[in-house]
Structures are given as structure tokens and as C-alpha cells.
Amino acid sequence: MENKENKVKRPFYKTFWGSIITIAGICIVLYWIFFASLGWITGHGKELTVPKLEGKTLAQSLQVLEQQGFDVDIDSTYNPELKPLMVVMQQPEGGTTVKEGRTIFLIVNRQSPPSIPMPNLVNLSYRSAEMLLKSSKLFVGDTIMKPDMAQGAVLAQLFNGKEIAAGTQIPQGSKISLVIGDGLGNKEISVPDLNGMTYPEALAVLSGNNLNYTVVFDGDITDTTTAVVYSQMPEAVNEFNENVKILEGDNVDIRVKQHLDATQP
């Protein structure tokens with residue numbers, strides 16, 4: 001009798017099944033709280049439509065994005081056909097629905113063109129040279145036709161009126177003029193007598209007669225502006241003292257030295 005009176009009955013929540021039911025209840029409450037707050041955690045219901053920014057200026061785009069609470073990340077590219085600081089691409093695209101605070105990536109056309117090495121166009125066909133210029137984001141300027149046996153080929157490449165060597169750094173978007181071979185003309189001309197002329201004078205005469213040239217420098221040349229031509233092939237006259245005729249665009253070989261010998265005519 002004494003043992004039964006001293007025995008105290010435990011509360012239900014401390015029993016095995018009571019503990020199971022209590023734990024299950026706590027899980028259900030936490031599960032409900034989690035999903036009830038999920039919308040607040042993820043910003044559900046606070047969605048924005050990304051504005052279309054391509055074609056707008058960078059300043060306009062930043063103003064719109066900042067007003068709507070977007071973060072912005074900017075990169076750049078260069079297209080000579082587009083205005084400086086114009087948005088050329090965006091991610092996500094305009095019209096896309098995203099969460100508030102999303103980062104919008106913008107690619108903007110650079111304000112100043114980058115420099116690139118000038119490609120080598122000499123001896124290429126006009127079509128190939130045009131494609132290579134386009135791939136380098138350069139433009140074809142003037143085309144100058146010159147009588148030459150290499151018909152349709154690029155004989156020289158010019159930038160601002162002067163020949164430019166391959167590998168020279170040049171701004172993208174620059175215009176490159178091309179000298180194109182027009183084939184040998186049907187016009188016969190007399191070979192000019194270049195002997196005794198200075199090197200620059202000889203080149204001017206050859207160019208004025210639409211003739212190409214190959215030059216060989218003999219000895220030490222300290223100043224090409226005063227160096228003189230002492231031999232040419234073909235010569236101006238033949239063994240019968242008659243003028244030698246060649247076609248426009250043909251080639252004349254000249255040999256140049258710094259000074260003529262005293263015994264040389």
C-alpha cells in the first residue's frame with residue numbers, strides 16, 4: 001500500500017508517445033514558419049522588369065537602373081560603326097522579369113578605339129584585303145589603280161597618305177587606302193634615262209611614267225637623298241641608239257651608290 005501511494009504519475013508529454021507527438025508538433029510549426037517566411041526571404045512578390053537599354057547611352061542606362069534598384073556591372077568592347085559609350089549588349093535582356101536588386105551586366109562601346117597591329121595586305125587580292133581589314137575593324141579608304149603585272153593584287157597599303165608597314169600600331173576604325181595592280185597597260189613608253197639622277201629624282205620619274213622599280217644599293221649609303229643612279233636595266237637606248245620601249249607598269253632595275261666615280265659618265 002505504501003509503494004502505490006508514493007508512485008507519482010508522469011505527465012503525458014514526458015511519456016514516449018507524448019515526446020513523439022511533441023517533436024512532430026514542433027516540426028510542423030517550424031515547417032510552417034519556414035515556408036511562410038520564404039516569400040520574404042527570396043523577395044517573392046518584389047519582381048521587376050529589366051528595362052531595354054541597348055542603343056541608349058551609358059549615362060541614361062545607369063540612371064534608369066539605379067532608380068529601379070538594380071546593381072550594375074560594366075564591360076566594354078569597340079565597334080567603330082557605333083557611337084561611343086552606347087550600350088551594345090545587356091544581360092538579362094530587356095523585358096526579362098527578375099528579383100529586385102539583381103545585377104545587370106552591360107557591354108558598352110568604348111569611347112576611344114584600341115590600337116591593333118596593321119595587317120599585311122601586300123600581294124593579297126583586293127577581296128582578301130577587304131575581308132582582313134573588316135576582321136581587324138579597319139575600313140577600306142581610297143583605292144588607287146596602278147599599272148602593274150600583278151593585276152588585282154594589293155601593291156601598297158597607305159595610312160594618311162603614307163605607306164604603313166605591317167605590325168605598326170594603328171587605331172581600330174582607321175581607313176586604309178590600297179594601291180591595286182591594274183595589269184600592264186597597252187601604252188608603250190620610252191624608258192627614261194635615270195643615270196646620274198639622285199635616288200629621289202629617279203623614283204619620281206619612274207612613278208610619273210607608271211613604271212615599277214627594283215633598287216640595289218652598292219657600297220655604304222649614308223644619305224639616300226643625295227645617292228645617285230649609276231646603272232639601269234633596261235637602258236634608255238639600245239645599241240643602235242634608239243629609244244627602248246616598254247609597257248606601262250613594267251619594271252626597271254636601278255643600281256644606286258652614294259657618289260659617282262670621277263671616271264664614270
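**Close-up 1. Phe217 sits in strand S13, residues 212-217 of this predicted model.** Strands here are DSSP E runs of at least two residues and helices are H or I runs of at least four, numbered from the N terminus. Phe217 is partly exposed at a relative accessible area of 37%, since that class lies between buried (under 20%) and exposed (over 50%), with a 1.4 Å probe and protein chains only. Skip the neighbours within four places in sequence, and Phe217 is in contact with Tyr199, Thr224 and Val256; contact means heavy atoms within 4.5 Å. Lys257 is 40 residues away along the chain, yet its C-alpha is 5.9 Å from that of Phe217.

Residues are numbered from 1 along each chain as its sequence is written. Because the model is predicted, local features need pLDDT of at least 70 and side-chain atom pairs count only at pLDDT 80 or more, while totals for chains, interfaces and linings use all residues; side-chain values use heavy atoms, leaving out hydrogens and water.

**Close-up 2. Val256 belongs to the largest nonpolar core, a set of 13 residues.** A nonpolar core means buried Ala, Val, Leu, Ile, Met, Phe, Trp, Tyr and Cys residues joined through side-chain atoms within 4.5 Å. Touching the most other members are Leu194, Leu211, Val229, Ile246, Val252, Ile254 and Val256. Helix H5 (199-208) and strand S16 (251-257) are the elements that give two or more residues to this core. A separate core has twelve residues, including Ile116, Met118, Leu133 and Ile164. Not counting residues up to four places away in sequence, Val256 touches Tyr199, Val215, Val216, Phe217, Asp218, Ile221, Ala227, Val228, Val229 and Tyr230.

Close-up 3. Look for Pro234 in the loop between strand S14 (228-233) and strand S15 (245-247).

**Close-up 4. Asn160 and Asn241 have positive phi without being glycines.** For Asn160, phi is about 55°; this residue is in the loop between strand S8 (154-159) and strand S9 (162-163), and is exposed at 66% relative accessibility. For Asn241, phi is about 60°. The loop between S14 and S15 holds Asn241, which is exposed with a relative accessible area of 62%.
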